Amino acid sequence: MARQPASHVQRRRETIRKSVQEANGPRQVASQAELLCAGAVFLVALLVYTWTLAPTVTLTDSGELILAAYGLGVAHPPGFPLWVMLAHLASLVPAGSVAVRINFSSAVFAALACAMLTLVVSELLMTASGAVARRRNKAARQSNTPSSNTGIFLTFAPALGAGFLMAFSRTLWAYATITEVYTLNALLILLVFFLVARWRRRIIETRNNSNTASATHDTWIYAAAFVFGLAMGVHHVTVALTLPAIAVVVYRTQGLKFFASRRLLYAALISIGALIVVYSYLPWAASRSPAMNWGNPRSLQEIWWHITGRQYRVFFSFSPAAMGTQFVEFCRMALREFGFAWLPLPLFLAGAGLTSARKRDRTAFWFLLLIVLADLAYALSYEIAEDKDAYYLPAFIAIAISAGLGIRWFIQVAASRRSAIWTSSVAAVTAVILTSATAFGANWPFNNRRHYFIADDYVENLFSTIAPNGLMLTEDWQVASPMFYAQEIEQRRRDVKVVDINLLRRSWYFDYLKHAHPDMIKRSREKIDPYVAILKQWEGDPAAFSRSRDLTQRISMAFLEMIQAIVTNEIKLAPVYITNDVLTADSLNSYLTRWIPQSYQLVPEGLVFNLTTDQSFHESPDPHLRIRGLTDGTVRFAQDDAANLKILPAYTRMLTNRGKYLASSNQHDRAILAFKEALALDPHFAAAQQGLAESTAKLAKP
């Protein structure tokens, strides 16, 4: 073959070099715009989250999680090992209280999640618009890709809008201001989405650009697999639910050849390796016997039980009726998630975005649709109250991304008019501002926790009533969880023996009680040890107890005898108290709820009943309850918030119980004050209304 002239070869190389430079130019500009948008979303979100951050421990799992993170312990199933390690690092920052430090880590994770969602939307938009694929035609590329400031703005405005929409959404914002695992979970899910979307875009770029040498981009998919494995160490259920959607993206990008190649094996090994490394934390932490050592997972079986959340399987229900009720609840949450329920503009944009994606980018359409369907398929079968909204986070993420695509659709509609650039710019600004402002305005009152002292006041009001070295029995997690923080980290009232009756059904809890109150355990060891022995049998094979009435009777009586021994022994040394919820009978504690009122007089004192051995009237000072934010309007709560469902009823019922107790001793003037305090909290509380009427009538008689 004749050699080509040197000048011809040189000209060809120069042509290729210029083509590559021309191809890389728009990519660099687009990458800068991507990062600028993501950075703006991160900074604004972090500023808002910091301003609305809770100043101390909050309700539900916050106290327990803070204790687990601070002491490098084991949290409730599945343990959240990655979150515990990262939150522990946050707890070491020498600024503010431990609660504030870990609360702020949630804000950082949430702000990063919003920034990552911005990047995901921009990747999907650039892929769908063909900004890379149309490089073959230079003229078309110059007119349709983000090569000008205006073009960049119009391309990335939807990503910016989606990022702000997610930042001001009800659920993510709520968890960004408190200690919880869900913001880190959202961040890692979105990081996986971004890496997969970037891998897909680079594959398409290589495939469509004939001037660019073919190169492998599997580093992106392997990075996604690694992050996926790490994410399984936070909230593995919601992470695993995204796998079908990710698989669709991979299939529609490279077909079956990826699944038939070694690359799938490599990705799986990377992901599994990351997962194993993260969860190896559990036995290491348990071996240290930390204060919070939920489940004490040391053996392989115990680790498996803990990771799979064995104790929560009772909450699953596959009945159509229950799932129908859950679906209605999801629709209600979705309507309020991104704004006012009466103005579902973001949901309209999400629907328009999905419709547009079905026409322009089927991969993105199936990706987003499968995220929602998989999430609902699981969450609708899971009956849990306090943090159910967090299980819908993947669906809310998909809706926010779809809304970003909907903003792009809105801009395209505006661009079809005569003055394309001007109307497109106005449409972009209008859509971004309107969706962001709607979400911000609707959710600010509920998520501004700057003055949130509900849990801290609840704990302090309990402490103010309990005598030194007193024992308090409770079944209220809203009491037990913040008590962990108050006693173990803030070292407040370590003398008070707080016992969660529900946790007494877990053998690991006795290790905690030995750590916190060793003398109490010693005094009742005669009944505690036999109960713990049969409890461990139940933990090993609960099905055997379900089948055997005799075994069920044995463990129930052992439980009751243990409680009786603890109360009997402790009341000889100091007062014993119970919270009102202990008197609520259910299938597990029916013996207990009958035994306590039969054996002791229940004297209402503050938020607890004092158990007394005689039936005479016991004088107690009028309670001075600190209830900042509960009813003064500084904090607003949704109807399904724990403050409305658990805390407010606890105050009103105990004030009413105090009024009834005083009225029974003809102290109607004081009883009227108690009833009025209860009605000030809940004007519609029937028992307080009735008590007030009766006491007022008796005082009116001569």
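Is the crossing of α25 and α27 left-handed or right-handed? In this predicted model, the crossing of the two helices is left-handed. The chain around them has 702 residues, of which 57% count as buried, and its secondary structure comes to 31 helices and five strands. Of the contacts in the chain with a separation of 6 or more, 76% are between residues 24 or more positions apart. Here is a friendly tour of some places to look.

**The α25 and α27 pair**

- Two packed helices are described by the angle between their axes and the distance between the axes.
- For α25 (residues 525-540) and α27 (residues 549-571), the axes come within 9 Å and cross at roughly 150°.
- On the α25 side, the contact is made by Lys527, Ile528, Tyr531, Ile534, Leu535 and Trp538.
- Their partners in α27 include Arg554, Phe559, Glu561 and Met562.
- Sorted by class, this contact has 11 nonpolar and three charged residues, with no polar ones.

- Helix α3 (residues 81-91) is mostly covered, with eight of its 11 residues buried.
- Among the buried residues of α3 are Trp83, Val84, Ala87 and His88.
- The buried residues of α3 pack against α2 (62-70), α4 (98-129), α8 (182-208), α9, α12 and α13.
- In α14 (residues 300-307), the buried residues are Ile303, Trp305, His306 and Ile307.
- Those α14 residues pack against α9 (218-240), α12 (262-279), α13 (281-287) and α25.
- After α14 comes Gly309, which has a positive phi near 60°.

**A buried asparagine**

- Asn443 lies in helix α20.
- Why does Asn443 count as buried? Asn443 counts as buried because its relative accessibility is 0%.
- Leaving out residues up to four places away in sequence, Asn443 touches Phe168, Ser169, Arg170, Trp173, Arg336, Glu337, Phe338 and Gly339.
- Phe340 is 103 residues from Asn443 along the chain, and the C-alpha atoms of the two are separated by 8.3 Å.

**The second largest pocket**

- This pocket holds about 640 Å³ of space.
- It is lined by 31 residues, and Glu386, Asp389, Asp640, Asp641 and Ala642 are the closest to its centre.
- At least two lining residues come from each of α7 (170-176), α15 (320-337), α18 (388-391), α20 (420-447) and α29 (642-664).
- The helix that gives the most to this lining is α15, with four residues.
- By class, the lining of the second largest pocket has 14 charged, 13 nonpolar and four polar residues.

**Enclosed cavities**

- Rolling a probe the size of a water molecule over the atoms shows where empty space is left.
- The structure holds five cavities of 30 Å³ or more.
- The largest cavity has about 90 Å³ of space.
- Of the 13 residues that line the largest cavity, Ala128, Ser356, Ala357, Arg360 and Leu405 lie nearest its centre.
- Two or more residues of that lining come from each of α4, α16 (345-360) and α19 (393-415).
- The lining of the largest cavity has seven nonpolar, three polar and three charged residues.
- The second largest cavity has about 70 Å³ of space, and its lining includes Val120, Phe193, Arg200, Thr363 and Phe367.
- Helices α4, α8 and α17 (362-379) each supply at least two residues of the lining of the second largest cavity, and α8 has the largest share with four.
- By class, the lining of the second largest cavity has eight nonpolar residues, one polar and one charged.

Key. Residues numbered from 1 in each chain as written. Predicted model: local features only at pLDDT ≥ 70, side-chain atom pairs only at ≥ 80, totals over all residues. Heavy atoms only, no water. Axes fitted to C-alpha atoms, helices over the stretch in contact; angles between N-to-C directions. Left-handed = near helix turned anticlockwise from the far one by under 90°. Contact = heavy atoms within 4.5 Å. Nonpolar A, V, L, I, M, F, W, Y, C, P; charged D, E, K, R; others polar. 1 Å grid on protein atoms, 1.4 Å probe; cavity = no way out; pocket = protein on both sides within 12 Å on 5 of 7 lines; lining within 4 Å. Points joined across faces, edges and corners; volume = space filled by probe spheres on them. Buried < 20%, exposed > 50% of the residue type's maximum accessible area, 1.4 Å probe, protein only.
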